[in-house]
Amino acid sequence: MVLSLVAGSGNPILAGNLSAALRAPLVPRVLEHFADGELHVELEQTVRGHDVYVLESICPPVDTHLLELFFIADACRRAGAGRLTAVLPYFAYARQDRRAHGREPIGAHLVARMIEATGFHRVIAIDLHSPEIEGFFHLPLEHLTAAPLLAQAVSASSDTIIVAPDLGAVKLAERYQAILQCPIAVVHKTRLSGESVSVRSIVGDVKGRAPLIVDDMISTAGTIEAAVKALFEAGCRSDVRIAATHALLVGPAFTRLAALPIREFLTTNTVAPLEPLPNPHRVVDVAPLLADVIGRLAHERSLESLVVHR
Ligand code: R5P
């Protein structure tokens, strides 16, 4: 099958990088809004019988990008695409993976059902907030992780300690540990609201150590801010490094990060930044990883070494 790459508007830079890495030009398409705000999508090239990969980072404004994904998929399906794969570097609503209180939807489950309903055959995602989201899909989901890319980009010394800023980040911290061979500490966090958290305690001996805080995403940076403060109170060194796959950086994130003594901020380009990232920072390109996976899928080859198993 001919491989075709179609991109939404969520992350134009990553779309360009992936197109270059795959040596596949982006399918020209129209993405516009009518005067009443309705989305209109049109593919300007045939995809009939093609192996189509639809790249859309569901970053802010998330509902706009989600709808683009659905409209592009429907356009491809109606145009006779042979196979349709959603490439979702950042999967919004992933944090709504359970009912924390009564009378709430399970947003991640609902989004998974909607993605299925639009006719995709397969999904590729990177560092989902919880791996259990795979079970929300009936179709194959290839769950990749950027942790090895980020871990290989940082150097660890004998006094480095990897810090999971909440219990949910422990598995991710273990992926960094497998490469960096450093001890792990875990921050016991409680979320008070969408923008604020509090820290109850830290598990692990952080005194005198240089922290490398790892997380799947930084949204308002409340988690990072609270973790850094708690680490300092516990006697950690002040040269903090942060590695997070998805730099959403919304609301007070930039102000919060600017006030912290961060030695290095390391992230990927799964999300297009709304503003220039805080300095000093480094961005790891996930396009080669995605291109590798797409190349393997296109030729029905194993992804064994690339996907997350737990
Ligand atoms: C939560 O469990 C996630 O892994 C992140 O720690 C969290 O979503 C980050 O959000 P914020 O930056 O707003 O604290």
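## Basis of the model

This is a predicted model, in which local features need pLDDT of at least 70 and side-chain atom pairs count only at pLDDT 80 or more, while totals for chains, interfaces and linings use all residues. Residues are numbered from 1 along each chain as its sequence is written, and side-chain values use heavy atoms, with hydrogens and water left out.

## Helix α1

Helix α1 spans residues 12-22, where helices (H or I, at least four residues) and strands (E, at least two) are DSSP runs numbered from the N terminus. Its buried residues are L14, A15, L18, S19 and L22, buried meaning under 20% relative accessible area, exposed over 50% and partly exposed in between (1.4 Å probe, protein chains only). Seen down the axis of α1, these buried residues fall within an arc of 135°, so they line one face of the helix; the arc is that of the directions from the helix axis to the C-beta atoms.

On the other side of α1, P12, I13 and A20 are exposed. The cover over the buried residues of α1 includes β1 (3-7), β4 (51-55) and α8 (287-298).

## H143 in strand β7

Strand β7 (residues 141-144) contains H143, which is buried, with a relative accessible area of 4%. The side chain of H143 reaches the backbone nitrogen of L128 at 2.8 Å. Leaving aside neighbours within four places in sequence, H143 is in contact (heavy atoms within 4.5 Å) with A125, I126, D127, L128, P131, L306, V307 and V308.

## Pocket and cavity

On a 1 Å grid over the protein atoms alone, a cavity is a set of points where a 1.4 Å probe fits but cannot get out, whereas a pocket is an open set with protein on both sides within 12 Å along at least five of seven lines, and lining residues have an atom within 4 Å of a point. The largest pocket has a volume of about 1,400 Å³, and of the 48 residues that line this pocket, R95, R98, H129, K189 and R191 are the closest to its centre. Two or more lining residues come from each of α5 (170-180), β9 (184-191), β11 (210-218) and α6 (222-233).

The structure also holds 1 cavity of 30 Å³ or more, and about 40 Å³ of space lies in the largest cavity. Lining the largest cavity are Y90, F91, A94, I126, D127, L128, H129, D216, M217 and H246.

Note on methods. Polar contact = N/O pair within 3.5 Å; in protein donor to acceptor, adjacent residues only side chain to side chain. Points joined across faces, edges and corners; volume = space filled by probe spheres on them.
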